[in-house]
Amino acid sequence: MTDPKRKTIYRDISWLSFNARVLQEAADPTVPLRERIRFLGIFSNNLDEFFRVRVATLKRMIQLGNKAKMNLEQNPEAILEEIQMTVLNHQSEFNRIWSGILEELKAEKIFLITEKGLNPEQQEFVQKFYDEEVSPNLIPLMIESIPDTPYLRDKSIYLGVVMWMKNSALQRKYALIEVPSRTLGRFVQLPSPNGEHHIILLEDVIRFNLPQIFAYFGYDEYQSNVFKVTRDAEFDIDNDIATSLVQKIEKGLKNRRKGKPVRFVYDKEMDPGLLEFLIRKLHLSKRDNLIPGGRIHNFRHFMDFPASVFREQSRRRKPFMHPALAGKRTTDVVLERDVLLHFPYHSFHPLINLLKEAAIDPDVTSIKITCYRLASQSKVINALINAVRNGKQVTVVLELKARFDEEANLEWKERLEEEGVKVLIGIPNMKVHAKICLIRKRVAERILQYGFVSTGNLNESTSKVYADHCLLTANKAIMADVNRIFNYIEHHKTGTHFLKACSTLLPSPIFARREVLKMIDNEIKNAKRGKKAVIVAKMNSLSDEEMINALYDAARAGVELKLIVRGIFGMLSQNEKFVHAVTAISIVDEFLEHARVWYFYQGGKERMYISSADWMTRNLDHRVEASCPILDPALRSELMDILNIQLSDNVKARWLDNNLSNTYVRNGSQKNVRSQEETYHYLFNKTEAPIEVSSH
């Protein structure tokens, strides 16, 4: 897994280890069956994105040769070879898990029926469903008669069809059919016997109707197999200064759709002649990650497996209103005290309420907010539009380069500008990833500023499954720095001095790295003096070499290091030269651990931050980020309690050892600690009685 000469773990190999933890959840018999199927979908979706972005990047590096310089990826050929081997191993484990889940589905009387297993009533249903719903969405292609290779869309699945006559198997024709799952979904529920649920996949509906689709040719034998192509999703935005960023993004999106294939996944039972034909037409080679698999592909759709067929419905607890906000105007509370929300345990309603209240408050003059990823039916956007209609000055920073959300954000830009919102579209060569909001109101002769700093996106949909922290505050120093970050975004060419002037927040680029390294160095100095020295850091990813080396220095000096890292982990956490064993764990469970929290003991003058930034080079140097101190001692204590609960997890935590072997933490405790459940109980049982919220 690691090169003995290296001081860090390859970023991409570490990421695959994270996805293996997702696969572990799918294999865990204590996880409800519905959730295990969802984890298979998450695993598949993650892997698709990995190939579209990371594998594509490594291939570009090989093409560029010595010109390619990227952090932690100095040997792309070797990394690609290890990726190929690891992915094939994961695919075998995936297939094993899926086979077991199929048996468990049968035990619950849930059956995936193929085109060959339909009873007469179901055959009639499938025929009618095909005629009314599927047929209008199909365009079969006779690929042998088309001079140019048809464009195969990323994220789509295709049926490769071979046709022949029983008495003349040598004369074969090939065809392609795109399965219209984007339009119709993947799962079709069939008429079923009492007490049973029969489901057929959309591609099998098409398979059943192949004789009708190709009746013109008169063939009587058909073989069809599913395959998909994963394409390079990284588009190059050129430096043509005469082209606006919006035009560049639109051009990049078009280029993405034409990206080079980086993976070809196919049914291992596919006709050899058709397979060879497709490989040749797509200009693929064995280096292009040809992945043989089973009958079903694009398992990401299984995140949407029909929920109604399961006897046991979701055990997921509903979010509840923060006790300090229950029955009160959010604005009134925030102007009096800081409130720290913990999603998805706490309801997302207060953020929406804060914006709704500001939209109709006659004393509010302006709202500034950053938006990275938004819900498809965004209540945040609705509140902002209402504000501008009520005469407020509204500024929205939309990140057009938010990967895979570029198209949606372009649409939001158009809608907001139509309503009179001032839209800023980020900074060239840098993403605006900070999650901040500033509301300004005038009361008599006073100007009040309040808002929030968050670790997660302003997305009411993902807030139900992403674990994040959000500080609602009217603290003058924090809000002054939030305003400085907005000034920098608006005047980025000449506005670095705004970031330099921040006295409370740690902004990226540049300054967060510098200040965090200072705090690590202070811990090292205290450890060398024999004083207590502690660093607790939680994040999604740790891959920046300078930060990792600073942690190595801290561990060798005697600083207690406790790390909670969900995804990429580039540090070698085991070393005999470390004075104390480094605690490094990853928690993968029902909710996606998305929060970033940094704690430094600092000789008793404790400093704790929540942040939008991971310790990755891109976050520290190439993005606008906001890291916010938790100044209220009670809130700092509450956040530390949550970190300690996570550090005590012995159910869903895995050790991040040097081999990234994903061994579960089993500390011999008599009590099982599942941190997400314990965190819910801890917050729910706070002094003031919480109120459950039925929905977002």
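**Close-up 1. Helix α4 lies across strands β4 and β5.**
In this predicted model, helix α4 covers residues 120–134 and runs at about 140° to β4. (Helices, H or I with at least four residues, and strands, E with at least two, are DSSP runs numbered from the N terminus; axes are lines fitted to C-alpha atoms, for helices over the stretch in contact, and angles run from 0 to 180 degrees between N-to-C directions.) Strand β4 pairs with strand β5 (residues 197–201) through 4 bridges, and the two run antiparallel. (Strands pair if DSSP finds at least two bridges between them.) If you want a landmark in that pairing, look for V188, which stands opposite I200 in β5. As for the numbering, residues are counted from 1 along each chain as its sequence is written. Since the model is predicted, local features need pLDDT of at least 70 and side-chain atom pairs count only at pLDDT 80 or more, while totals for chains, interfaces and linings use all residues, and side-chain values use heavy atoms, with hydrogens and water left out.

**Close-up 2. Strands β1, β5 and β4 make an open sheet.**
Which strands sit at the edges? They are β1 (110–112) and β4 (187–190), each pairing on one side only. Ignoring direction, neighbouring strands of this sheet are turned by 30° against each other on average.

**Close-up 3. E121 sits in helix α4.**
Is E121 buried or exposed? E121 is exposed, with a relative accessible area of 51%.

**Close-up 4. Helix α1 packs against helix α2.**
Helix α1 spans residues 11–27 and helix α2 spans residues 33–64; their axes are 8 Å apart, at an angle of about 170°. That angle makes α1 roughly antiparallel to α2. (Under 35 degrees counts as roughly parallel, over 145 as roughly antiparallel, 65 to 115 as roughly perpendicular, and the rest as oblique.) The crossing of α1 and α2 is left-handed. (That is, the near helix is turned anticlockwise from the far one by less than a right angle; clockwise would be right-handed.) Residues of α1 that meet α2 include W15, L16, F18 and V22, and among their counterparts in α2 are F39, L40, F43 and F50. (Contact means heavy atoms within 4.5 Å.) Sorted by class, this α1 and α2 contact has 14 nonpolar, 2 polar and 5 charged residues. (Ala, Val, Leu, Ile, Met, Phe, Trp, Tyr, Cys and Pro count as nonpolar, Asp, Glu, Lys and Arg as charged, and the others, Gly among them, as polar.)

**Close-up 5. Helix α2 also crosses helix α3.**
Follow α2 over to α3 (residues 76–107): their axes come within 11 Å and cross at roughly 165°. So α2 is roughly antiparallel to α3. The crossing of α2 and α3 is left-handed. Their contact has 21 nonpolar, 1 polar and 4 charged residues.

**Close-up 6. Strand β15 pairs with β16 and with β11.**
Strand β15 (residues 435–443) runs antiparallel to β11 (residues 364–371), joined by 5 bridges. Look for K368, whose bridge partner in β15 is L438. Strand β16 (residues 446–454) is joined to β15 by 9 bridges, again in the antiparallel sense, and here C437 stands opposite F452. The hairpin of β15 and β16 has 2 residues between the strands, and A444 takes a positive phi near 55° there.

**Close-up 7. Helices α16 and α17 pack together.**
Helix α16 (residues 511–528) and helix α17 (residues 545–557) have axes that come within 9 Å and cross at roughly 10°. Therefore α16 and α17 are roughly parallel to each other. Their crossing is left-handed. Among the residues that meet are V516, L517 and I520 in α16, and M547, A550 and L551 in α17. The α16 and α17 contact divides into 10 nonpolar, no polar and 4 charged residues.

**Close-up 8. Strand β24 pairs with β23 and with β25.**
How many residues of β24 (residues 607–611) are buried? The strand is mostly covered, with 4 of its 5 residues buried. Strand β23 (residues 596–600) pairs with β24 in the antiparallel sense over 5 bridges, with R596 opposite S611. Their hairpin has 6 residues between the strands, and Q602 takes a positive phi near 55° in it. Strand β25 (residues 623–629) runs antiparallel to β24 and is joined to it by 3 bridges; there, I610 has C628 as its bridge partner.

Technical notes: Buried means under 20% relative accessible area, exposed over 50%, partly exposed in between (1.4 Å probe, protein chains only).
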